[in-house]
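Please open the structure in your viewer and keep the sequence panel beside it. This tour moves from one selection to the next and says what is there at each stop.

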Amino acid sequence: MKLLAAFALLIDLRAAIQAALLPTLYALWLEPLLLLRPTALSRTFMAYVWAAFADVVDEGGREVKADLITPNATGIVLDIGAGHGHTINYLDRSKITKYVALEPNTLMHHEIRARATEAGYSETNGTLLILSCGAEDTESIISSLRVDDQPPLCDTIVSVLTLCSVPRPEEVLTTLARDVLKPGGQLLFYEHVLSPRSDVAWWQRFWTPVWKTAFDGCRLDRPTHLWVQNIKPRDDSVAPALFWRDESRAWGKPGEPEEHLFWHQTGRFVKA
Ligand SMILES: C[S@@+](CC[C@H](N)C(=O)[O-])C[C@H]1O[C@@H](n2cnc3c(N)ncnc32)[C@H](O)[C@@H]1O
């Protein structure tokens with residue numbers, strides 16, 4: 001692997017520090033007790049990073065997201081790690097009954113609410129729900145979505161650049177797919193994942209401790225697309241492949257160099 005590609009992420013790291021360090025220090029000055037709450041401090045830094053770069057990152061994935069989300073998302077949509085709600089821009093409003101934004105960083109809720117309101121979703125009429133828990137808190141997700149003791153069944157789960165940060169991702173994916181997604185529902189994801197190339201994977205593992213410290217737990221070394229493929233039905237006697245319909249598949253980002261440390265996979269998986 002070329003050294004330039006192996007160290008390219010330092011440019012992003014420097015840009016993020018330039019954008020977010022001073023405002024984070026200011027937040028710390030206003031509230032010194034943040035030092036005793038490392039998660040809150042990390043989320044403050046991440047909120048400033050995302051304020052500076054969310055639009056740029058969105059632009060980089062625009063074509064992929066338009067192809068993945070716009071024609072497929074329907075009904076009740078659960079957007080895990082909603083950030084500033086950029087997924088809303090790709091939803092066809094006429095096909096969506098409710099947009100559920102799961103975002104544990106409450107500093108981002110204002111942007112989600114503003115974008116959702118502009119697109120015609122409202123908390124008052126029940127077409128918008130913002131949840132503050134992490135994706136790993138599947139019990140809270142299920143109880144927040146439950147209506148009249150019916151199981152909480154989403155038509156679409158969207159994950160864009162989020163499963164890299166979720167604790168216990170395999171378990172969380174399995175629970176969401178089994179217990180939150182309805183039969184015939186779709187899991188749509190666009191994630192950076194562990195590269196199949198051993199040299200790229202080596203650098204991804206090398207950088208992960210630094211990257212996850214700076215960016216609220218974001219890891220470069222997760223084979224998320226393979227974990228999705230391998231989700232098994234609860235009943236062990238049923239073959240894993242039967243969890244998803246045959247049309248389910250994952251694919252790469254067109255034109256992305258193989259040496260990219262943020263090697264992306266896009267997936268549309270339809271529950272059998
Ligand atoms: C890189 S941003 C992507 C935001 C959005 N999906 C987008 O593409 O514009 C990752 C998001 O995941 C959120 N996140 C971090 N930990 C999470 C968790 N445990 N569960 C759900 N979301 C999480 C972060 O707060 C952040 O908003």
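This is a predicted model: local features need pLDDT of at least 70, side-chain atom pairs count only at pLDDT 80 or more; totals for chains, interfaces and linings use all residues.

Select Thr-124, which is found in the loop between α5 (109-118) and β3 (128-131); helices (H or I, at least four residues) and strands (E, at least two) are DSSP runs, numbered from the N terminus. Thr-124 is exposed, with a relative accessible area of 81%, where buried means under 20% relative accessible area, exposed over 50%, and partly exposed in between, with a 1.4 Å probe and protein chains only.

Residues are numbered from 1 along each chain as its sequence is written, and side-chain values use heavy atoms, with hydrogens and water left out.

Which of its 28 residues touch the most other members? They are Leu-78, Ile-157, Leu-187 and Trp-244. Two or more residues of this core come from each of β1 (75-80), β2 (96-102), α6 (138-145), β4, α7, β5 and α9, and the largest share, five residues, comes from α7. Centre the view on Leu-78, which, leaving aside its neighbours within four places in sequence, is in contact (heavy atoms within 4.5 Å) with residues including Val-100, Ile-141, Ile-157 and Leu-176. Apart from this core lies another one, of 21 residues, among them Val-64, Ile-96, Ala-116 and Leu-188.

On a 1 Å grid over the protein atoms alone, a cavity is a set of points where a 1.4 Å probe fits but cannot get out, and a pocket is an open set with protein on both sides within 12 Å along at least five of seven lines; lining residues have an atom within 4 Å of a point. Grid points are joined across faces, edges and corners, and a volume is the space filled by probe spheres set on the points. The count comes to one cavity of 30 Å³ or more, and about 40 Å³ of space lies in the largest cavity. Select Ile-157, Leu-173, Leu-176, Ala-177, Leu-181 and Leu-187 to see the lining of the largest cavity, to which α7 (169-180) and β5 (181-193) each give two or more residues.

For the second largest pocket, with a volume of about 170 Å³, select lining residues including Ala-27, Glu-31, Arg-43 and Pro-104. Helix α3 (residues 38-60) supplies the largest share of this lining, three residues.

The last two stops concern the backbone. Most residues other than glycine have a negative phi. Arg-168, found in the loop between β4 (154-160) and α7, has a positive phi near 45°, and Arg-168 is partly exposed, with a relative accessible area of 44%. Finish at Asp-216, in the loop between α8 (198-214) and α9 (224-229), where phi is again positive, near 50°; Asp-216 is partly exposed, with a relative accessible area of 23%.

Notes. A nonpolar core is a set of buried Ala, Val, Leu, Ile, Met, Phe, Trp, Tyr and Cys residues joined through side-chain atoms within 4.5 Å.
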